[in-house]
Amino acid sequence: MSSSQLDRELKKGSAELLILSLIEDRQRHGYEIGQLIHLRSRGALRFNVASLYPLLYRLEKRGWIRGRWIEKAGQRRRRFYRLTPAGRKVLVAQRDGWRDFVEAIGRITGVKYA
Amino acid sequence: MRDFKKEIRARLADAKLSPTRENEIVEELSQHLEDQFDEAVSRGASEDEAHRVALVDLAELLGRELQRSDRRLPSNPVLPGARRQSNFIADALQDIRYALRMFAKSPAFTAIAVVALALGIGANTAIFSVVDAVLLRPLPFKNPNQLVIVWENATHLGFPKNTPSPANFLDWRQQSTVFEGMAAFAERSFNLTGMGEPERLDGRRVSANLFDLLGVRPIVGRTFVPEEDKPGTKVAILNEALWQRRFGGNPAVVGQAITLNGESYTVVGVVRSTMKLPSFANWRDQVWVPLAFSPEEANSRGDHFLEVIARMKPGITLVSAQAEMETIMARLAQQYPVYNTRIGALVRPLHEEIVGDIKPALLVLLGAVVFVLLIACANVANLLLARAAVRQKEIALRLALGADRSRLTRQLLAESVILSLLGAAVGLVFAFTGLNVLTHFVPPEVMQPDAIAINSKVLVFTLAVAIVTGLLFGIAPATQASHFNLNDTLKEGGRDSGAGARGKRLRSSLVIAEVAVSFILLIGAGLLINSFMHLRNLDPGFRADHLLTLNVDLSEVKYPDVPRRTAFFDEVIRRVRELPGVQSVAAAGNLPFTYNGDSMGIAAEGIPDPPSDQWPDVIYRTIGPGYFNTMGIPLLRGRDFTDQDTLDNTLGVVISEKTAKHYWPNEDPIGKRLKPGATTSKSPWRTVIGVAKDVRQNDFIAEPKMQMYFSFRQVQSMTANALIVRTTVDPLTLASPVRNAIWSVDKDQPVSNVNSMEHIVARAVARQRFSMLLLAIFAALALVLAAVGIYGVMSYSVAQQTREIGIRIALGAKRSDVLAMTVKNGLKLVGVGLVVGVIVAFALTRVMSSLLFGISATDPLTFISIAMVLFGVALLASYIPALRATKIDPMLALRAQ
């Protein structure tokens, strides 16, 4: 498996978790989500239009997140996504799973994570 | 700021999203790109550069990533600036445009589907217009549902619907309370003379109140008044057609005198040509005169010749009317036991009396065309299923882009309904052409051909059939297409998963259903064809070929007695005999299959009269010398009448074989004597001079009844009214010379119904021929459609198995094994279909019993031979694709993946 392929697989596996985490406390629109992933990963992760939105739509279809068109004073109408109760459960489960996974990797590779 | 919406929309175009969804995505993505653009510019990028970067992201939009997503539309999507309702119409319009585009892309598929549907729908439209004209259209009378026909019920004598006698009718009219009114009528023909070419007209004697009872208003003049219903009143009412034809539609005809049967009648009114009364034969009323019973007639209970029509009072049911009439008849039986013992009354709705005979045949035909349509539906459903498999990639893409599954199902259904509407449009053309042909085969006594037309009711029917049809054949493919597993499909890289178990099962059941339904239709047609063969092989008792027949009704005024009638016929026969091409010629009474009346009870000398309720009826015909020879009726014993058999000599009678067997089973009947009525009647004895072979007189299907023949030279009250000419050439070529010969004797003598005897015989079985022909056409249609269906499914399945077959061949399977395997798969389905068909046909063909003759509804020979035909066709339909399977090149097949 080439490094770019690995990269893609990892990204795909974690992308759902990233999005769910980012809207855990407040609703955000798609561009904001993309920006936050880029910023908080310090540029390591980047989603473009073609990868971010299909993912959002899929999560919405599964009933984990819910998008709504909201208009704020002085701003354009935007589609904001928020976590649904079902999504919240998934987030908890995925977070646990991810933690276990990272710890397992760490134990094998000796990489310590803060 | 740049506008990205156009770019995004262009990339979404192929995805066929709903407008709502598409707008939403365009809106959301364009905002994203604009934000991205703004940010890049704010960081110092040039606008062009920022634009290019944003578009790089977009370039992938329709790539794998978006396809992989599968999401559902929110149940209540918010669309900026648009309301939900307008989207429904937008969606529908989009569906139509999209469907038409899809059809244009695959013209072969569209053509096959449209033609199959057009055949099915067209057949339904055509038959429905006949059903509409015959069964559904109300009779042209006021409140026709209240009208009934009242019969005497003499079931024990073989006449469940006997024509009432005048005295019984008058008692009914006086004693009944359930009817608003009751009227009687009797057939009577008229010779119209004194104004150009003489003409014979069908007509009736009718009770004066008949027109009021029916609610028929005159176009000009008036109808009869009660005072005119007495002997000696010479008034007449004409129908519109006669009025237009002979009087130029001139209203001044009212009050004018015309000559009917040599007597002067005053025309009092004209009524519409739609005024039609039920009739024995092919009787088309053009003239009506008052019934006007003579005193003898009014007292007669033994002379049965009336038909009685009545209008039930509002709120009176058929059952209560029937009950009252039975009470009255029971009373009359006590009062007049000689005539009315065991005679009841039968009250029947007028409409059923008129259409009753044709109804079962039409219903069977209607069932048949529904079956044809079902087969067409199965075919198109199969085509759609095969196409759905091919279209799965497209559908997957649309689902991935957020198309709603129910929305997608709706769109697929819209496609099939539009397909079916196209089929209906072409079907209407088929139906229109078909009806033109059909009307030529419609027996005229069944209905007026011009009554059949594609009217608005038929159009609505066709539209409804088309929509139901579209939903019917579309529902399976549509639900199947939109319910496959998206992930699996995409994982398989767009390979067809329609060959999956579900799709295969569906296609197989469609083939089974097709085979079963076409088997039922073929059985129906086979039974009818078989019984028609039986019918045509029946011996009518005479030779119908090379026989010309004409009606020559002598006027009672001009030819009142036997000598004058004899002289007329003698002279006509002498002149006709000299015409080239004429072999023999004779005067005749009512010809076979043209008249159902004229029968009487007889007494045989030395045999005690039977009880009055068991007195058998003997059909009698008045004929001239040479009749048996000319008709080709073999004389089994004795001799024919000759010119010497006159009133001055011994009165003779020729009886039929059956009559001879009944009265003199073990003796030679020649020289025995019989007379009309009872032994005590005043009629003179007649000596049996000959025994003729039985002839089917009234009904082609029924067994011949007892018959006897009198010479018109030896009866005062009855005369011959026809001429029969045996020819050595095509009989119709002599029509004109014979007519001229008659007019050279009496230029005022009307000649009518010039026909070949073969035509009369054909007309007697016209109804059977009509049903048989139509059902045979529909069955052939069903067979072709079923064959195409089986062929299609087998071809598709061979195409699906290309790889498997290729591997088998590569591994050394013999081509003959491949052939056998493939054919076997097809025949398995056909076998199941046949079994289902046989079971259903066994149950269904029973409804046809009344249409069959000389054959049982479950005739094993028909069942076996039809099964073999269908099996053979199915074998061929599977063999051709199977043969193709054996030609598969294993290397190509394996590389195809």
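Chain A of this predicted model holds an open sheet of 3 strands in the order 1-3-2, with antiparallel pairing. Strand 1 (28-29) and strand 2 (65-70) of chain A are the edge strands, and each pairs on one side only. Strand 2 of chain A is joined by 6 bridges to strand 3 (residues 78-83) of chain A, and the two run antiparallel. One bridge can be picked out by name: Gly67(A) has Tyr81(A) in strand 3 of chain A as its partner. Strands of a sheet pair through backbone hydrogen bonds, either parallel or antiparallel.

## Chain B in outline

Chain B has 897 residues, of which 43% are buried. Its elements are 29 helices and 23 strands. Take the contacts in chain B between residues at least 6 apart in sequence: 83% of these join residues at least 24 apart.

Chain B contains an open sheet of 4 strands, ordered 13-22-12-23 and paired antiparallel. Its edge strands are strand 13 and strand 23 (752-756) of chain B, and each of these pairs on one side only. From one strand to the next, the twist averages 15 degrees.

Why is strand 22 of chain B described as largely enclosed by the rest of the structure? The count of buried residues gives the reason: 6 of the 6 residues of strand 22 (residues 722-727) are buried, so the strand is largely enclosed by the rest of the structure. Its side chains can be sorted by direction. Ala722(B), Ile724(B) and Arg726(B) point one way from strand 22 of chain B. Leu723(B), Val725(B) and Thr727(B) point the other way, and all of the residues on both sides are buried.

With strand 12 (residues 547-551) of chain B, strand 22 pairs in the antiparallel sense over 5 bridges. There, Thr549(B) stands opposite Ile724(B) of strand 22. Ala587(B) has Leu723(B) of strand 22 as its bridge partner. Val582(B) stands opposite Thr727(B), again in strand 22 of chain B.

Two helices lie across strands of this sheet. Helix 23 (residues 735-745) of chain B lies across strand 12, strand 22 and strand 23 of chain B, and runs at about 40 degrees to strand 12. Helix 24 (residues 757-764) of chain B lies across strand 12 and strand 23 of chain B, and runs at about 95 degrees to strand 23.

## Pairings of strand 19

Strand 19 (residues 673-676) of chain B pairs with strand 15 (residues 602-604) of chain B in the antiparallel sense, over 3 bridges. Ala604(B) has Leu674(B) of strand 19 as its bridge partner. Strand 19 of chain B is also joined by 2 bridges to strand 20 (residues 686-692) of chain B, and these two run antiparallel. Here Arg673(B) stands opposite Thr687(B) of strand 20.

## Two helix pairs

Two packed helices are described by the angle between their axes and the distance between the axes.

| Helix pair | Axes come within | Crossing angle |
|---|---|---|
| Helix 1 (residues 5-12) and helix 2 (residues 19-42) of chain B | 9 Å | roughly 135 degrees |
| Helix 25 (residues 766-800) and helix 28 (residues 860-886) of chain B | 8 Å | roughly 25 degrees |

Helix 25 of chain B is therefore roughly parallel to helix 28 of chain B. Their crossing is right-handed. From helix 25, the residues that meet helix 28 include Leu783(B), Ala787(B), Ile790(B) and Tyr791(B). On the helix 28 side, Val873(B), Ala874(B) and Pro881(B) are among them. By class, the residues of this contact between helix 25 and helix 28 of chain B are 13 nonpolar, 2 polar and 1 charged.

Helix 1 and helix 2 of chain B are oblique to each other. Their crossing is right-handed. Helix 1 of chain B contributes Lys5(B), Ile8(B), Arg9(B) and Leu12(B) to the contact. Helix 2 of chain B contributes Glu22(B), Ile25(B), Val26(B), Leu29(B) and Ser30(B). This contact of helix 1 with helix 2 of chain B has 5 nonpolar, 1 polar and 3 charged residues.

Conventions
Residues are numbered from 1 along each chain as its sequence is written. Chains are lettered from A and ligands numbered from 1 in the order in which they are written. This is a predicted model: local features need pLDDT of at least 70, side-chain atom pairs count only at pLDDT 80 or more; totals for chains, interfaces and linings use all residues. Two strands pair if DSSP finds at least two bridges between them. Axes are lines fitted to C-alpha atoms, for helices over the stretch in contact, and angles run from 0 to 180 degrees between N-to-C directions. Angles under 35 degrees count as roughly parallel, over 145 as roughly antiparallel, 65 to 115 as roughly perpendicular and the rest as oblique. A crossing is left-handed if the near helix is turned anticlockwise from the far one by less than a right angle, and right-handed if clockwise. Two residues are in contact if their C-beta atoms, placed from the backbone, lie within 7 Å. Ala, Val, Leu, Ile, Met, Phe, Trp, Tyr, Cys and Pro count as nonpolar, Asp, Glu, Lys and Arg as charged, and the others, Gly among them, as polar. A residue is buried if 20 or more other C-beta atoms lie within 10 Å of its own, exposed if 12 or fewer, and partly exposed in between; C-beta atoms are placed from the backbone.
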